[in-house]
Amino acid sequence: MVKIVYEPEENRAAAYDGEKNIGESTYSKAQGFWIIDHTFVDDDYRGQALAGKLVAEVVDQARKNQVKIIPLCPFAKKEFEEKEAYADVWQKL
């Protein structure tokens, strides 16, 4: 079973199948906001909406930390454009 875990010390949300890391959405910290710069899911696990779940976890954590997000990663940017629910944390440039 795939598990999504927030790893603040690594600046990422990660997906694990048991002990195997199968995906991540990473961010860099800047002044008052986070920049999602990379989202990846292992080829063997694609088609399970895991990338969206990883971005959603970063969004949830940004809300808890009261920071805005700049989605530079193409996948994250598409998620932000398609999901109105992310408007509250989207730092538009």
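The radius of gyration used here is taken over C-alpha atoms, and the rule for a globule is 2.2 Å times the number of residues to the power 0.38.

## Overall size

For 93 residues, a compact globule would have a radius of gyration near 12 Å; the chain has 12 Å, which agrees. Along its principal axes, the C-alpha trace spans about 35 × 30 × 20 Å.

This is a predicted model: local features need pLDDT of at least 70, side-chain atom pairs count only at pLDDT 80 or more, and totals for chains, interfaces and linings use all residues. Residues are numbered from 1 along each chain as its sequence is written, and side-chain values use heavy atoms, with hydrogens and water left out.

## Fold pattern

The chain has 2 helices and 5 strands. Helices (H or I, at least four residues) and strands (E, at least two) are DSSP runs, numbered from the N terminus. In sequence order the pattern reads β-β-β-β-α-β-α.

Contact means heavy atoms within 4.5 Å. Of the contacts with a separation of 6 or more, 38% are between residues 24 or more positions apart.

## Surface and charge

Buried residues account for 44% of the 93 residues. Buried means under 20% relative accessible area, exposed means over 50%, and partly exposed lies in between (1.4 Å probe, protein chains only). The accessible surface of the chain is about 5,600 Å², and 49% of it belongs to carbon and sulfur atoms. These areas come from the Shrake-Rupley method with a 1.4 Å probe; for residues, only the protein chains shown count as cover.

The chain carries 13 positive and 17 negative charges, and their mean positions are 5 Å apart. Lys and Arg count as positive, Asp and Glu as negative; His and the chain ends are not counted. Each charge is placed at NZ of Lys, CZ of Arg, CG of Asp or CD of Glu.

Ser 25 is found in strand β3, residues 20-30. Ser 25 is buried, because its relative accessible area is 0%. Its side chain forms a polar contact of 3.1 Å with the side chain of Thr 39. A polar contact is a pair of N or O atoms within 3.5 Å; within protein, one must be able to donate a hydrogen and the other to accept it, and residues adjacent in sequence count only if both atoms are side-chain atoms. Setting aside residues up to four places away in sequence, Ser 25 touches several others, including Asn 11, Ile 36, Leu 54 and Val 58.

Glu 24 lies in strand β3 too. The side chains of Glu 24 and Arg 12 make a polar contact of 2.6 Å. Beyond neighbours within four places in sequence, the contacts of Glu 24 include Ala 13, His 38, Phe 40 and Leu 54. Glu 79 is 55 residues from Glu 24 in sequence, and their C-alpha atoms are 15 Å apart.

## Strand β1: Glu 7

Glu 7 sits in strand β1, residues 2-7. Glu 7 counts as buried because its relative accessibility is 11%. Not counting residues up to four places away in sequence, Glu 7 touches Arg 12, Ala 14 and Tyr 16.

## Two positive phi angles

Most residues other than glycine have a negative phi. Ala 49 is not a glycine, yet has a positive phi of about 65 degrees. Ala 49 is in the loop between β4 (33-41) and α1 (50-65). At 52% relative accessible area, Ala 49 is exposed.

Gln 66 also has a positive phi, near 55 degrees. Gln 66 lies in the loop between α1 and β5 (68-71). Its relative accessibility is 75%, so Gln 66 counts as exposed.
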